[in-house]
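This report is meant for someone meeting the structure for the first time. Please keep the sequence and the three-dimensional view at hand while reading.

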Amino acid sequence: MAGEVAKLQVSHLSKSFPHPEGDLLVLDDINLTIQANEFVTVIGPSGCGKSTLLNIIAGLDQPTAGEVTCDGRQVEGTGTDRGVVFQQYALFPWLTVRANIAFGLKMQGKSAAASRPIVDHYLQMVGLTKFADSYPKALSGGMRQRVAIARAYAANPAVLLMDEPFGALDAQTRAQLQDSLRAFWATEKKTCFFITHDVDEAIFLGQRIVIMGANPGTVKEIIDVPLPAERSQAVRLSPEFLKIKQDVWGKVYQESGAVAQG
Ligand SMILES: Nc1ncnc2c1ncn2[C@@H]1O[C@H](COP(=O)(O)OP(=O)(O)OP(=O)(O)O)[C@@H](O)[C@H]1O
Ligand SMILES: [Mg+2]
């Protein structure tokens, strides 16, 4: 990897928000290098700045200091090279499920005929084929989130930025979507930056886990996940997995304890 330009590089990034009692420092000197096709998961206590960091990488917000580069170029705004799945599903209520999923493809200039098989593929992946012609208001929260996921996949960005995308889903759907995300990542060669509150999910999906601390948000530690590239749900029961879980859990718990004590 030496000499290669990182897919994503976060350098000395800090972010403050204005606050009545003086600026609130949310992210403090974040440094992170993510190579092309890497799958990085991010875990840390509520309010430590995970979404803020993701928004800055997406180009939706600007850092107060430091910078983010993608393929060596400074991120100055959003781009089709970086797709986002937000913590709260963000769909166009006036478009059907199919049209929502096709949206990015249309923006890329693909015809309806060219988009159709792609949309069908991802509709099936998220289990919503039967709801292709429904409007978001007719769907449950979890179903809407699955539409948002399918839309991000269909647009096929090089970098996928996902903010607790499976948080609102039942355990079974969540496991299915974890499997399909791993498969999607492996076949389509994506760089994934995936935020979660769930230690198991962080381990199952990630090649590396970024553990953040709070007040202000910092990168506490980056842990390698030495599990095989091919992972089925059964890996969760392996001694290797449980060993990593014990380690990550201890570190995350320390962090949330620190938050609780202020
Ligand atoms: N636009 C904003 N203006 C002011 N403060 C903000 C803004 N966005 C976020 N914050 C503050 O920044 C801090 C970090 O918020 P952020 O949403 O990034 O946390 P998070 O780690 O994603 O939390 P969660 O796990 O609950 O989603 C919080 O204290 C929040 O109040
Ligand atoms: Mg968040």
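## Overall form

Of the 262 residues of the protein, 48% count as buried, where buried means under 20% relative accessible area, exposed means over 50%, and partly exposed lies in between, with a 1.4 Å probe and protein chains only. This is a predicted model, in which local features need pLDDT of at least 70 and side-chain atom pairs count only at pLDDT 80 or more, while totals for chains, interfaces and linings use all residues. Residues are numbered from 1 along each chain as its sequence is written, chains are lettered from A and ligands numbered from 1 in the order in which they are written, and side-chain values use heavy atoms, with hydrogens and water left out.

The radius of gyration, taken over C-alpha atoms, is 18 Å, which agrees with the value near 18 Å for a compact globule of 262 residues under the rule of 2.2 Å times the number of residues to the power 0.38. Along the principal axes, the C-alpha atoms fill a box of roughly 50 × 45 × 40 Å. Among contacts (heavy atoms within 4.5 Å) between residues at least 6 apart in sequence, 68% join residues at least 24 apart.

## The six-stranded sheet

The protein has seven helices and 10 strands; these are DSSP runs numbered from the N terminus, with at least four residues (H or I) for a helix and at least two (E) for a strand. Six of the strands form an open sheet in the order S6-S7-S8-S3-S9-S10, with mixed pairing, and two strands are taken to pair if DSSP finds at least two bridges between them. The edges are S6 and strand S10 (218-224), each of which pairs on one side only. Neighbouring strands of this sheet are turned by 20 degrees against each other on average, direction ignored; axes are lines fitted to C-alpha atoms, for helices over the stretch in contact, and angles run from 0 to 180 degrees between N-to-C directions. Helix H4 (residues 141-155) packs on the sheet, where it touches S6 and S7, and its direction makes about 175 degrees with that of S6.

Within this sheet, all five of the five residues of strand S3 (residues 39-43) are buried, so S3 is largely enclosed by the rest of the structure. Phe39, Thr41 and Ile43 point one way from S3, whereas Val40 and Val42 point the other way. S3 runs parallel to S8, to which four bridges join it, and parallel to strand S9 (residues 208-213), again through four bridges. Val42 has Ile195 as its bridge partner in S8 and Val210 as its bridge partner in S9. Ile195 is also the bridge partner of Asp163, and strands S7 (residues 159-163) and S8 (residues 191-195) pair in the parallel sense over five bridges.

## The four-stranded sheet

A further open sheet has four strands in the order S2-S1-S4-S5, with antiparallel pairing. Strand S2 (24-34) and strand S5 (73-74) stand at its edges with a single partner strand each, so one side of each is left without a neighbour in the sheet. Strand S1 (residues 8-17) and strand S4 (residues 65-70) run antiparallel and are joined by five bridges, with Leu8 standing opposite Cys70 in S4. Helix H1 lies across S1, S2 and S4 and runs at about 120 degrees to S1.

## The magnesium site

The magnesium ion (ligand 2) is coordinated by Ser51 (OG) and Gln87 (OE1), at 2.0 to 2.4 Å. Donors are N, O and S atoms within 2.8 Å of the metal (3.2 Å for Na, K and Ca), and water is not among the atoms, so sites may look incomplete. Ser51 belongs to helix H1 (residues 50-58) and Gln87 to the loop between strand S6 (82-85) and helix H2 (97-107), so that the pair, 36 residues apart, links distant parts of the chain. Ser51 counts as partly exposed at 23% relative accessibility, and Gln87 also counts as partly exposed, at 37%.

## Backbone details and a buried phenylalanine

Most residues other than glycine have a negative phi, and most peptide bonds are trans. Asn215, in the loop between S9 and S10, has a positive phi of about 55 degrees although it is not a glycine, and a cis peptide bond with omega of about -10 degrees joins Asn215 and Pro216. At 57% relative accessibility, Asn215 counts as exposed.

Phe241, in helix H7 (residues 239-260), is buried with a relative accessible area of 0%. Leaving aside residues up to four places away in sequence, Phe241 touches Asp200, Ile203, Phe204, Leu227, Val235 and Arg236.
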